[in-house]
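Subject: Handover of a structure, with notes

Dear colleague,

I am passing on the structure below, together with notes on what was found in it. Please open it alongside this message, as the notes go through it part by part.

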4 protein chains.
Amino acid sequence: MIIVMKREASQENIQRVVRVLEEYRLQAHLSTGKQVTIIGVIGDKSVLTDANLEVMDGVDKLVPITETYKLSNRKFNPAPSVIKVKDFTIGGGNFSIVAGPCSVEGREQILETARFLKSCGVHFLRGGTFKPRTSPYAFQGLGLEGLQYLKEAADETGMAIITEVTSLRTLEIALDHVDVFQIGARNMHSFELLKEVGKTGKPVVLKRGLSATIDEWLNAAEYIMTGGNSQVILCERGIRTFETATRNTLDISAVPVIQQKSHLPILIDPSHASGVREYVPALCRAAVSVGADGIMVEVHPQPAKAFSDGAQSLNFEQFESLLNVLKPLAEICGKEL
Amino acid sequence: MIIVMKREASQENIQRVVRVLEEYRLQAHLSTGKQVTIIGVIGDKSVLTDANLEVMDGVDKLVPITETYKLSNRKFNPAPSVIKVKDFTIGGGNFSIVAGPCSVEGREQILETARFLKSCGVHFLRGGTFKPRTSPYAFQGLGLEGLQYLKEAADETGMAIITEVTSLRTLEIALDHVDVFQIGARNMHSFELLKEVGKTGKPVVLKRGLSATIDEWLNAAEYIMTGGNSQVILCERGIRTFETATRNTLDISAVPVIQQKSHLPILIDPSHASGVREYVPALCRAAVSVGADGIMVEVHPQPAKAFSDGAQSLNFEQFESLLNVLKPLAEICGKEL
Amino acid sequence: MIIVMKREASQENIQRVVRVLEEYRLQAHLSTGKQVTIIGVIGDKSVLTDANLEVMDGVDKLVPITETYKLSNRKFNPAPSVIKVKDFTIGGGNFSIVAGPCSVEGREQILETARFLKSCGVHFLRGGTFKPRTSPYAFQGLGLEGLQYLKEAADETGMAIITEVTSLRTLEIALDHVDVFQIGARNMHSFELLKEVGKTGKPVVLKRGLSATIDEWLNAAEYIMTGGNSQVILCERGIRTFETATRNTLDISAVPVIQQKSHLPILIDPSHASGVREYVPALCRAAVSVGADGIMVEVHPQPAKAFSDGAQSLNFEQFESLLNVLKPLAEICGKEL
Amino acid sequence: MIIVMKREASQENIQRVVRVLEEYRLQAHLSTGKQVTIIGVIGDKSVLTDANLEVMDGVDKLVPITETYKLSNRKFNPAPSVIKVKDFTIGGGNFSIVAGPCSVEGREQILETARFLKSCGVHFLRGGTFKPRTSPYAFQGLGLEGLQYLKEAADETGMAIITEVTSLRTLEIALDHVDVFQIGARNMHSFELLKEVGKTGKPVVLKRGLSATIDEWLNAAEYIMTGGNSQVILCERGIRTFETATRNTLDISAVPVIQQKSHLPILIDPSHASGVREYVPALCRAAVSVGADGIMVEVHPQPAKAFSDGAQSLNFEQFESLLNVLKPLAEICGKEL
């Protein structure tokens with residue numbers, strides 16, 4: 001960390017900051033410029049979380065140099081993480097496809113979808129059973145009943161199940177039914193939930209918050225990992241910007257940025273990012289070639305009858321055409337699909 | 001709602017949409033323009049949540065005309081809400097001041113602050129005991145111990161207590177200790193928490209999410225109110241934009257917008273909006289004159305020693321100067337302070 | 001266009017709006033719902049630009065249904081545009097590479113770069129000679145001298161030249177030297193410049209403004225095209241968001257959105273979008289597979305000595321490696337590179 | 001400036017950076033931490049604009065410490081600027097009101113408005129004659145004819161005229177007719193125009209760009225001031241965010257931020273910021289009490305017949321009511337209105 005002093009800071013102001021740092025057993029390196037003095041702080045800055053250096057007299061601003069996240073930081077763990085789920089693997093040269101309906105709507109719907117996806121070679125089945133919806137008057141999910149249908153689909157097909165948990169309560173309900181927990185964009189900042197999910201030991205797909213910076217996202221991963229669970233899979237699903245032609249703006253650059261800053265695998269969710277079915281195939285192709293570890297995509301037997309997000313769901317035929325395009329692309333990009 | 005058909009939509013496409021609407025017992029009014037046909041939908045659109053009209057052949061887009069929130073909507077409840085807390089009132093011509101430290105850090109700190117604020121005529125004491133922090137390595141709050149100190153401060157001074165709850169678990173812990181629950185920006189989308197808080201019957205301060213639109217915010221209020229609790233107080237605390245000179249961008253226009261769309265009272269939190277102590281007084285003055293129902297402001301006996309958010313906290317002297325400026329301003333604006 | 005009346009609008013309010021529409025020889029279709037009345041407007045709405053219907057008594061809001069741009073609109077010109085420059089083609093199944101330094105810095109630098117790019121099979125040479133820089137103290141470009149070096153490089157190699165014009169004055173200076181004009185992000189809203197560039201009859205690369213919506217971008221293209229010049233090439237170069245890990249946020253979804261809304265070809269500029277050299281190759285790969293018509297990428301013989309944007313420029317070796325990756329990718333995506 | 005070295009940077013990497021700095025006659029102060037080495041750069045960093053330190057081996061990132069703008073920087077010119085226009089003054093304890101229609105639409109319209117505003121005690125008359133409009137099919141302004149009407153209105157009433165210039169061409173046309181030039185949000189980045197306007201010696205209202213940071217805005221002011229013209233008046237008119245309830249988001253915090261960073265006066269334009277007439281009075285009240293030096297507000301004799309921006313214009317009666325509210329507010333805030 002660097003402390004930038006104000007232009008008008010007195011020698012006494014500077015010395016007082018240095019003394020505080022020394023109290024915390026940190027070293028201070030002064031650089032006295034023509035305009036301002038800056039103080040380089042050397043040592044473990046985490047001891048400083050309760051020292052408000054920025055309100056000390058003469059201090060202009062603090063400039064952090066090193067990241068606050070450690071377990072998710074590539075600097076400390078250079079090798080890319082590989083996550084095992086049942087017999088399947090995310091990361092490590094795989095291009096993983098997570099597919100399924102936005103919501104589990106009934107036994108037939110999810111079984112039909114699972115069988116179809118299985119026949120396409122898809123390993124991961126997604127389906128929401130606890131739905132966080134903007135309006136309280138919209139469909140809120142089937143809850144436990146939905147989980148049971150998902151489990152039945154998994155038992156029959158051998159697929160791994162990914163479903164969203166939205167609170168400590170729904171985490172507890174879902175615990176025995178699912179293979180991978182999903183933390184949705186709206187809960188990326190629900191730190192208690194992150195900690196609890198971190199204790200379960202099951203892999204977690206962590207979606208990026210609607211307006212979360214990449215640093216905040218990796219700090220959220222850190223919450224899960226401090227619980228001892230290093231099986232975190234990131235998922236970019238679009239951020240909120242001024243553009244309204246798409247529901248969100250897919251931040252495709254997040255893939256190379258994450259791969260530089262972290263060892264965790266990263267998926268792309270083109271369905272939520274765009275909100276428009278017609279744009280999904282193009283974004284899936286971009287996901288493969290940009291180097292993502294997979295996609296999470298909404299597939300529904302009859303999108304026109306979906307209870308939620310029908311406008312962004314592919315039907316079976318569209319999904320199959322998509323797979324036919326992605327396979328040679330993955331191969332040329334050196335990925336196993 | 002209006003359904004805009006594609007330029008190339010066939011008569012059959014249009015008739016099929018009309019038939020679906022009729023199945024839902026809604027009326028369809030067609031306007032056939034030179035370029036496109038639009039279909040006005042008349043009746044209770046809430047029955048349509050599971051009909052994905054936008055994926056029907058020939059449909060270009062749906063344009064919502066009426067809001068999805070009802071209980072928080074001024075159109076249905078024109079009179080401004082007035083919220084009673086102990087002997088105090090928020091809304092109804094009052095300019096309410098909610099003040100206190102970001103975090104409860106100890107018994108002495110909170111008692112000293114409460115006594116000082118009480119002596120200034122402040123009625124509402126805030127203090128965080130469960131802290132949602134970006135980094136898992138930052139101070140996370142005193143929990144129940146903090147609540148007990150807050151309660152002691154309230155008992156001694158007669159002030160009303162406002163504290164943040166972050167999950168179903170902390171809501172349960174806090175239930176008997178506080179007068180007003182606060183839902184923080186990061187939990188505005190935690191719909192289960194909103195519903196539970198709505199069942200307690202205690203007033204709730206609902207902060208706006210970091211990137212929540214005003215419509216989403218009023219829908220979040222709707223989640224609380226559908227539980228039967230109409231005592232919701234909105235709090236604008238800055239939204240996330242590209243500007244970095246302030247921590248967030250205070251959306252001051254949210255005050256007149258909310259007052260047009262909703263009957264709920266609205267506070268402004270200049271401390272979190274700006275993140276910089278020096279900017280807080282100017283923003284508080286703006287809050288009074290723009291017509292807000294009050295402010296929520298961070299005050300700490302020794303900001304330089306605060307465990308969190310010291311950089312944006314006022315000390316006692318600064319708070320007193322601020323009050324001296326706000327009082328005549330409130331008077332001229334017709335508000336009771 | 002649809003006019004949504006207020007809940008409390010009277011019959012007289014509604015009739016007055018209808019009369020105004022009739023004065024403009026437009027038809028009004030009323031749909032009277034339970035909550036509100038909406039009025040569909042049929043006919044050429046462009047006559048309404050000086051009628052402020054939204055301030056008439058009883059009017060709640062206007063909802064536009066059709067786009068304001070016509071010449072750039074795919075609805076009216078379904079076939080994708082193909083732009084000819086010298087012997088080269090942009091669009092029509094080509095994946096065009098525009099490469100070169102951010103700024104022309106000297107004769108040797110640009111000749112060396114042009115010869116290298118030519119040897120790689122690149123057809124389009126970019127280089128800035130009038131540089132719009134945030135700070136007046138930064139390098140502002142070589143001006144006419146730079147144009148002459150560019151021209152020399154083009155004459156020797158046969159490449160086509162693309163350079164930015166920033167005002168009516170620099171447009172005039174550049175007129176005889178360049179093959180393709182570039183309108184930079186900061187000038188996307190400089191409507192007089194757009195009109196003048198539209199009169200030159202030379203192809204124009206139109207970059208998207210830092211915070212321009214896709215609709216505004218297509219309206220800017222419309223300004224060029226109303227001058228009679230239909231040779232417009234769009235270029236997505238990142239939009240401004242809250243994320244700071246990259247200089248801007250590349251809106252990759254703009255490619256399928258533009259391809260749906262417009263017939264104009266679209267390039268991607270990963271150098272300005274990310275601002276970080278390390279991220280450029282991944283974004284170029286994404287550009288190919290998402291379906292863009294090409295890329296505009298910064299290449300410099302010695303990025304460490306570039307006068308501007310060195311941090312985002314590739315050196316020759318990096319550019320060659322990139323090409324080796326892009327070629328098979330383009331082939332599999334059905335594009336000529 | 002601080003140079004942060006990568007974790008894996010070698011001693012040789014570090015020494016090479018130091019040598020480059022020394023070549024530029026700058027001093028390097030090394031701080032070697034446990035994780036990284038940082039290098040404080042001392043001396044005039046402006047010599048470094050053509051050294052791309054960030055692409056040198058081992059360099060992680062550059063952290064700027066001091067601002068790039070100087071003439072507009074309060075650190076170098078602590079006293080607030082006061083701008084004289086005819087017999088009137090902006091800054092220096094005045095709350096200046098700039099009012100008038102969005103566009104000059106005819107002789108009668110502007111004379112009637114000027115007379116009315118004069119009778120209210122308003123000194124500054126605004127009116128657009130060259131209109132930058134998103135669509136080429138919208139009204140583009142009366143041009144020179146409009147300027148002549150404005151001049152006539154100024155001659156009759158003694159008011160000072162403010163009008164927007166959009167290019168070198170319109171600047172030349174307007175030069176003899178106006179008292180204050182306005183640079184609109186869309187041209188804040190038109191650096192050549194800024195330089196030329198800086199040479200005229202006439203005061204300039206510089207609106208903030210739609211997505212310009214405060215630092216970029218002050219750098220734009222620097223472009224004007226390097227031409228020798230220090231009479232710059234800033235105008236905050238809302239920034240582009242995700243919120244759609246208002247046309248833009250008024251960044252009210254920009255007022256205290258600017259007052260800390262710069263000596264230039266700052267106005268607020270609530271009409272463009274909100275785009276909604278009903279919200280204008282509340283935002284004007286906020287402008288007074290937050291400490292702005294004035295407002296720029298749209299007033300039209302018959303908003304319903306305005307050629308542009310009618311929805312955000314006040315009529316005469318509304319403007320008079322507003323003034324009656326603002327006067328006592330200004331007085332209590334210590335401002336002359």
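The contact between chain B and chain D takes 34 residues from chain B and 34 residues from chain D, where two residues are in contact if their C-beta atoms, placed from the backbone, lie within 7 Å. On the side of chain B that touches chain D, at least two residues each are supplied by helix H7 (254–261), helix H8 (270–274), helix H9 (280–290) and helix H10 (316–332) of chain B, and H9(B) gives the most, with 7 residues. Helices (H or I, at least four residues) and strands (E, at least two) are DSSP runs, numbered from the N terminus. By residue type, this side of chain B divides into 19 nonpolar, 11 polar and 4 charged residues; here Ala, Val, Leu, Ile, Met, Phe, Trp, Tyr, Cys and Pro count as nonpolar, Asp, Glu, Lys and Arg as charged, and the others, Gly among them, as polar.

Before going further, please note that this is a predicted model, in which local features need pLDDT of at least 70 and side-chain atom pairs count only at pLDDT 80 or more, while totals for chains, interfaces and linings use all residues. Residues are numbered from 1 along each chain as its sequence is written, and chains are lettered from A and ligands numbered from 1 in the order in which they are written.

Chain B is superposed on chain D by a rotation of 180 degrees with 0.0 Å of shift along its axis (RMSD 0.0 Å), the superposition being by least squares on the C-alpha atoms of residues with pLDDT of at least 70 in both copies. Ala286(B) is the residue of chain B that comes closest to the rotation axis, at 2.2 Å (C-alpha). The copies meet through the same surface, because 100% of the interface residues of chain B are also interface residues in chain D.

Chain A and chain B also touch, with 40 residues of chain A in contact with 41 residues of chain B. The elements that give two or more residues to this side of chain A are helix H4 (168–174), helix H5 (191–200) and helix H6 (214–225) of chain A, and the largest share, 4 residues, comes from H6(A). The residues on this side of chain A divide into 16 nonpolar, 15 polar and 9 charged. A rotation of 180 degrees with 0.0 Å of shift along its axis superposes chain A on chain B, with an RMSD of 0.1 Å, and that is the relation of a two-fold axis. Of the residues of chain A, Ser211(A) comes closest to this axis, at 3.0 Å (C-alpha).

Taken by itself, chain A has 10 helices and 14 strands, and its C-alpha atoms fill a box of roughly 75 × 40 × 40 Å along the principal axes. It is divided into domain 1 (2–63) and domain 2 (83–332), with bounds that come from an automatic or database domain assignment, and the C-alpha centres of the two domains of chain A lie 44 Å apart. Of its 337 residues, 58% count as buried, a residue being buried if 20 or more other C-beta atoms lie within 10 Å of its own, exposed if 12 or fewer, and partly exposed in between, with C-beta atoms placed from the backbone.

In chain B, helix H5 (residues 191–200) is mostly covered, with 7 of its 10 residues buried, and what covers them includes helix H4 (168–174), S10, S11 and helix H6 (214–225) of chain B. Just after H5(B), Gly201(B) takes a positive phi of about 80 degrees. Strand S11 (residues 204–207) of chain B is covered on both faces, with Val204(B) and Leu206(B) buried on one side and Val205(B) and Lys207(B) buried on the other.

In chain C, 4 strands form an open antiparallel sheet in the order S2-S3-S1-S4, where two strands pair if DSSP finds at least two bridges between them. Strand S2 (27–32) and strand S4 (59–63) of chain C stand at the edges, each with a single partner strand, so one side of each is left without a neighbour in the sheet.

With best wishes
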